[in-house]
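Subject: Model handover and notes

Hello,

Here is the model for your set-up work. My notes follow below it.

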Amino acid sequence: MSIFRKKSIADLVAASKTGTTLNKELGTWDLTMLGIGAIIGTGIFVLTGTGALTAGPALIVSFIIAGLACLFAALSYAEFASTVPVSGSVYTYTYATMGEFLAWIIGWDLILEYLLAVSAVSVGWSGYFQSLLKGFGINIPTSLTAAPGAVENVTTYFNLPAFLIVMLITFLLSVGVKQSKRVNNIMVVIKVAVVILFIVVGVGYVKPDNWTPFTPFGFDGIFAAAALVFFAFIGFDAIASAAEETKNPNRDLPKGIMYSLLICTILYVIVTGIMTGVVPFADFKGNEDHPISLVLQVAGQNWVAGIIDVGAILGMTTVMLVMLYGQTRVSYAMSRDGLLPKFFRTVHTKYRTPYGSTWFFGIVAGLMGALIPLDELAKLVNIGTLSAFILVSVAVLVLRKTQPDLPRAFRCPGVPFIPILAILFCGFLMIQLDQDTWIRFIIWLGIGAALYFLYSKKHSHLNK
């Protein structure tokens, strides 16, 4: 009856092989594409503008700090993903190491991360899509272009493009992972090509004088920007939730996680350097929602700016696809353990996907993106993800201590130092977030704790 009861790794793996199972369709290439698809999106196409105003040219350092925090956590994820190849990501790992209540809390936390990430990205997607439509002389009614109160002195009621794109992605995910991965892989290749095009075109217009002063807001600005642009790296952890649909999880999952994170970090640093080298950082004021396009306009390369808009739209589409995918697989795992109602683990007999769960969370994410402004969504996503990274790093340390002989296809190097560095980096970035974000996060966890004691504790399969 203890709230810290644990589920053995053998039982977790056995449960994943019973009933109507998920299709095993993914290899290393697909997982890497999933990671890049989840990572490159709003962070590079939108948040770089706000980050430049916060840190100046030193935004490069901010990206490196955020990237290091993710790298240390990624090594812990890779060890767990290869050792416990089961849907649920850090929720499942916590269940096996620190007990049911903490597993529930981190699962509830992941719902916050993935759900709000989809909503937040849908708002950024809507902005670029509306910009693209205006280029063809098409204007959506103002009242349907943004959430209530999102635009000063303008009456808006509902962000219709944001809602519709989430519904389209929900439909795609509901009909199968094979179809989803094909669409994702194509869009990822195109958007990486667009980012490389920006680098090739923009590098010739860099003026080194624009990098002076390099740190106009000092270390405070660098750290504050690192906490903000951390959002740009969110997504690689969703790869771990694909464990049950991976052909060879022991080998492919660690590679997919590490390859996608390293590729994206390199691209981020190069793009940020070019951005602040072409446009003085102060000039991003008022243009935060389309910083990449602004750089190309200043360089006189308007023809590329249009292509960038298309790349941004595709980029953010893949982010939403992968994050909603991760959301449904976490809720599927929680339901299979009895912590959520049976509805969330029901697998469609034809499509072999958690059909009901996909549509439930898709509709909720679509409505939130249509009704809540972007900045509030992004902050909550960050704090939810950082706390998940801390827990998975702690879980690696616990499992190394409690089950040292457990077979591990991939071992996190430098234990205990790497997981401890992940905990310190992520904890430091959490401290940089404002008080309102912390209050909302604590309220969310409080609601989760109440649900656990009212429903999940009694219905847990371990309770039987």
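Is Ser-2 buried, partly exposed or exposed? Ser-2 is partly exposed, because its relative accessible area is 40%, where buried means under 20%, exposed over 50% and partly exposed in between, computed with a 1.4 Å probe on protein chains only.

On conventions: this is a predicted model, in which local features need pLDDT of at least 70, side-chain atom pairs count only at pLDDT 80 or more, and totals for chains, interfaces and linings use all residues. Residues are numbered from 1 along each chain as its sequence is written, and side-chain values use heavy atoms, with hydrogens and water left out.

Ser-2 sits in the segment before α1 (9–15); helices here are DSSP runs of H or I with at least four residues, numbered from the N terminus. The side chain of Ser-2 makes a polar contact with the backbone nitrogen of Phe-4 at 3.0 Å. A polar contact is a pair of N or O atoms within 3.5 Å; within protein, one must be able to donate a hydrogen and the other to accept it, and residues adjacent in sequence count only if both atoms are side-chain atoms.

Asn-184 and Thr-318

Asn-184 belongs to helix α8, and Thr-318 to helix α12 (residues 302–336). Asn-184 counts as buried because its relative accessible area is 0%; Thr-318 is buried because its relative accessible area is 0%.

Contact means heavy atoms within 4.5 Å. Not counting residues up to four places away in sequence, Asn-184 touches Met-33, Leu-34, Gly-37, Thr-318, Leu-321 and Val-322. With neighbours within four places in sequence left aside, Thr-318 is in contact with Gly-37, Ala-38, Ile-40, Asn-184, Met-187, Val-188 and Lys-191.

For Asn-184, a polar atom of the side chain lies 3.3 Å from the backbone oxygen of Met-33. For Thr-318, the side chain reaches the backbone oxygen of Gly-37 at 2.8 Å. Two C-alpha separations go with this: Asn-184 to Gly-315 is 9.5 Å, at 131 residues apart in sequence, and Thr-318 to Met-33 is 9.5 Å, at 285 residues apart along the chain.

Thr-97 lies in helix α5 (residues 90–97). Its relative accessibility is 3%, so Thr-97 counts as buried. The side chain of Thr-97 reaches the backbone oxygen of Tyr-93 at 2.8 Å. Leaving aside neighbours within four places in sequence, the contacts of Thr-97 are Lys-6, Phe-80, Ala-395, Val-398 and Leu-399.

Thr-358 is part of helix α13 (residues 355–371). Relative accessibility is 0% for Thr-358, which therefore counts as buried. The side chain of Thr-358 comes to 2.7 Å from the backbone oxygen of Pro-354. Residues up to four places away in sequence aside, Thr-358 touches Thr-170, Leu-173, Ser-174, Thr-328 and Arg-329.

Helix α4 (residues 59–83) has 25 residues and spans 36 Å from first to last C-alpha, close to the expected 36 Å. The expected span is 1.5 Å times one less than the number of residues. Of the 25 residues of α4, 21 are buried.

Helix α6 (residues 100–135) comes within 8 Å of helix α7 (residues 160–174), axis to axis, and the two cross at roughly 120°. The axes are lines fitted to C-alpha atoms over the stretch in contact, and angles run from 0 to 180 degrees between N-to-C directions. On the α6 side, Val-118, Ser-122, Val-123, Trp-125, Ser-126, Phe-129 and Gln-130 meet Pro-161, Ala-162, Ile-165 and Val-166 of α7. These residues divide into eight nonpolar, three polar and no charged, with Ala, Val, Leu, Ile, Met, Phe, Trp, Tyr, Cys and Pro as nonpolar, Asp, Glu, Lys and Arg as charged, and the others, Gly among them, as polar.

α6 has 36 residues and reaches 53 Å between its end C-alpha atoms, close to the 52 Å expected. In α6, 29 of the 36 residues are buried. Just after α6, Gly-137 has a positive phi of about 75°.

Cis peptide bonds

The bond from Thr-212 to Pro-213 is cis, with omega near -5°; Pro-213 is in the loop between α8 (177–202) and α9 (218–229). Val-415 and Pro-416 are also joined by a cis peptide bond, with omega about 10°, and Pro-416 is in the loop between α14 (374–402) and α15 (417–431).

Regards
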